[in-house]
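Thanks for asking me to look this one over. My notes follow as numbered points, to be read beside the model.

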Protein chains: 2
Amino acid sequence: MFENKGNSNTNIENLGEFGLIDHLTKNFKIKQKSTIKGIGDDAAVISCDSEKELIISTDLLLEGVHFDLSYMPLKHLGYKAVIVNLSDVYAMNAEPSQITVSIAVSNRFPVEALEELYAGIEAAAKIYNVDVIGGDTTSSTTGLLISITAIGTVNKGEAIYRNGAKENDLLVVTGDLGAAYMGLQVLEREKEVFKVNPNSQPDLEPYSYLVERQLKPEARKDISNLLKELDVKPTSMIDISDGLSSEIIHICKNSKVGCNLFEDKIPLDPQVVSTCEEFNLDSATIALSGGEDYELLFTIKTEDYPKIKANPHLTVIGHITDEKEGMHLISRAGTKIPLIARGWNALKNNG
Amino acid sequence: MFENKGNSNTNIENLGEFGLIDHLTKNFKIKQKSTIKGIGDDAAVISCDSEKELIISTDLLLEGVHFDLSYMPLKHLGYKAVIVNLSDVYAMNAEPSQITVSIAVSNRFPVEALEELYAGIEAAAKIYNVDVIGGDTTSSTTGLLISITAIGTVNKGEAIYRNGAKENDLLVVTGDLGAAYMGLQVLEREKEVFKVNPNSQPDLEPYSYLVERQLKPEARKDISNLLKELDVKPTSMIDISDGLSSEIIHICKNSKVGCNLFEDKIPLDPQVVSTCEEFNLDSATIALSGGEDYELLFTIKTEDYPKIKANPHLTVIGHITDEKEGMHLISRAGTKIPLIARGWNALKNNG
């Protein structure tokens, strides 16, 4: 699905702004019943359902800040740009239904490059069953920029916010953490090797999971249904885009509570552990601050613990305390360390 | 309302990403009943009404492409960025209710500059009665970028599209055209004068209307109600952002019809006429290709003509023909000239 096309080159200006968006989206299909009008008018039109609430989330991705095209293929970038937004919708306990995609692009990108980008967007839209209903294309004086707005729905009153965590609730995370950040480290190392020796053939096999988590992440579309099946309603929820610690802090601050997070409970993939050793990095720090995992973090009532404890997708990593007790990481050695928010940008600048 | 503040300088990095968005939006009030959750979670939440349809429109504005900060004060820029999006919602015959605002900004902008930008956004949100419910702030390696998504509602089945124009319908435009483009010409001339002589005091008084249309445009929030009062339902509608001719072409192509547009019917403000003479430009060309007027263009059935003919806001500028007859401008001399789409970008590059 993600192979590259040949290197033909068509200048964007040959198509013009109106031609370009029509060209890039001509194969996109409308599948959602609620989409009344997609691309091609002043605005998109969606039907409403009084039994539902509407979810709106928006994100900007910039070349040189959020992605590096020297190791991020455009098709993967398009895919990831969609995932990042859908993850926010799932974090509200909602189902995404539509997205709008705006891009600013310099004319160093041929039309074929944008076709790759949109092929990735289309692939994600298909897999996650969302319609691309609008957008804007414009020229940029510098790099590439992608702005996506995701729209979703949730049954009335069933949206889950960041502010519902209560003392004694359990802190639960889906999947495992830190892999996307370690994938980035591996790719950046290979980029440096490539600069020195352009003929080197990187062996990424031992890092396959890490690289996939960085280049082709998925959003947790399964969790909302899983929780329904388990008959568990989280008291608060957020997605992990900036790193576990900053997301826990968001929940605690919004819910006016404290927490104890146990270092030895944080779920890590074996590749994360071995690659952290290889890079001489502390794996817990990476999980806490790495970001881009797009897993979900939520809190549940203690009485719901039996319902989730055997589930391979879910790990209890701590519990909520009174606000006065503060937010702490309990280290393997039993030391209580205050949690601080260090997003992946901060980590990058310091490392 | 649009005075500038003193020149204090706070570095963005002092606030950090999370602090920045909280700081910039702390005075924003939620006024729409439908806004359940605004800024501060993974996504915003809006209530739905089965009697309504939802309208979604999105636009990107880039420094160096869509605006020049050397004559566009940041407060005006914030205001205009909102207007551009609301205009698309009004063009669907809908009422805007919420917006999301994402910005990418380089750290050459102090926090005070962003406060000015957000003061403009807040002013527009207040006047047009929309809630700012979300957004994203990120660092940019170069200039300033603003991405806005506007959300609105319209009664079920009452959205007006581009594709409903029928043969013999009348082509109607609101307000007058070409002023925003001529305002840009005046400002660009003053910028050149300023480069040569930084002490020059420009006299913009004779161009006040033009400059205001460029720097502080308004969206036609009055037209939807006006048409209801007049008991007229347009058969198609679009807003004039790229210039009259390209908007007419959009309507004709989407509706599969042709048109005759009469040059002598195009509404021009006296300042446009006199300033075009001064700049040795043809005022009809400016109205056709200038863009950024944010007026509405629509078609009505011939039998509705008596209802609108006396209205000072509305001007009939032509009529719809069979598709085979093509799209034409009938010049003052009676010559039939094929309409071509030349957006303001094209005009700028050629002029």
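1. B:Asn93 sits in the loop between α2 (74-90) and β4 (95-105) of chain B. Helices here are DSSP runs of H or I with at least four residues, strands are runs of E with at least two, and both are numbered from the N terminus. Phi of B:Asn93 is near 70 degrees, a positive value in a residue other than glycine. B:Asn93 counts as buried because its relative accessibility is 11%; buried means under 20% relative accessible area, exposed over 50%, and partly exposed in between, with a 1.4 Å probe and protein chains only.

2. Before going on, a word on the ground rules: this is a predicted model, in which local features need pLDDT of at least 70 and side-chain atom pairs count only at pLDDT 80 or more, while totals for chains, interfaces and linings use all residues. Residues are numbered from 1 along each chain as its sequence is written, chains are lettered from A and ligands numbered from 1 in the order in which they are written, and side-chain values use heavy atoms, with hydrogens and water left out.

3. Chain A has a counterpart worth a look. A:Asn93 has a positive phi of about 70 degrees although it is not a glycine. You will find A:Asn93 in the loop between α2 and β4 (95-105) of chain A, and at 12% relative accessibility it counts as buried.

4. Now to the annotated sites. The unreviewed UniProt entry gives a "binding site" covering A:Asp59 and A:Asp88; such positions are given in the numbering used here, feature names are shortened, and annotations may be inferred rather than shown by experiment. How far apart in space are these residues, spread over 30 residues of sequence? They cluster, with a largest C-alpha distance of 9.5 Å.

5. A:Asp59 belongs to strand β3 (residues 52-62) of chain A and is buried, at 16% relative accessibility. Beyond its neighbours within four places in sequence, A:Asp59 is in contact (heavy atoms within 4.5 Å) with A:Val84, A:Asn85, A:Asp88, A:Ile146, A:Ser147, A:Ile148 and B:Asp136.

6. A:Asp88 is part of helix α2 (residues 74-90) of chain A and is buried, with a relative accessible area of 8%. Setting aside neighbours within four places in sequence, A:Asp88 is in contact with A:Ser57, A:Asp59, A:Asp239, B:Asp42 and B:Ala43.

7. From the unreviewed UniProt entry also comes a "binding site" at A:Asp42, A:Asp88 and A:Asp239. These residues are spread over 198 residues of sequence and also spread in space, up to 32.2 Å between C-alpha atoms.

8. Where does A:Asp42 lie? Its place is in the loop between β1 (35-37) and β2 (44-47) of chain A, and A:Asp42 is buried, with a relative accessible area of 8%. Leaving aside neighbours within four places in sequence, the contacts of A:Asp42 are B:Ser57, B:Asp88, B:Ala91, B:Met92, B:Arg162, B:Met237, B:Ile238 and B:Asp239.

9. On helix packing, helix α5 (residues 208-215) and helix α8 (residues 270-279) of chain A pack at an angle of about 100 degrees, with their axes 8 Å apart. Axes are lines fitted to C-alpha atoms, for helices over the stretch in contact, and angles run from 0 to 180 degrees between N-to-C directions. α5(A) and α8(A) are therefore roughly perpendicular to each other (65 to 115 degrees; under 35 is roughly parallel, over 145 roughly antiparallel, the rest oblique).

10. Which residues of α5(A) and α8(A) meet? A:Ser208, A:Tyr209 and A:Leu210 in α5(A) meet A:Gln271, A:Val272 and A:Thr275 in α8(A). By class, the contact of α5(A) with α8(A) has three nonpolar, three polar and no charged residues; Ala, Val, Leu, Ile, Met, Phe, Trp, Tyr, Cys and Pro count as nonpolar, Asp, Glu, Lys and Arg as charged, and the others, Gly among them, as polar.

11. Lastly, a spot in strand β12 (residues 314-321) of chain A, where A:Thr321 lies. A:Thr321 is buried, with a relative accessible area of 5%. The C-alpha atoms of A:Thr321 and A:Cys259 are separated by 4.8 Å, although these residues are 62 residues apart along the chain.
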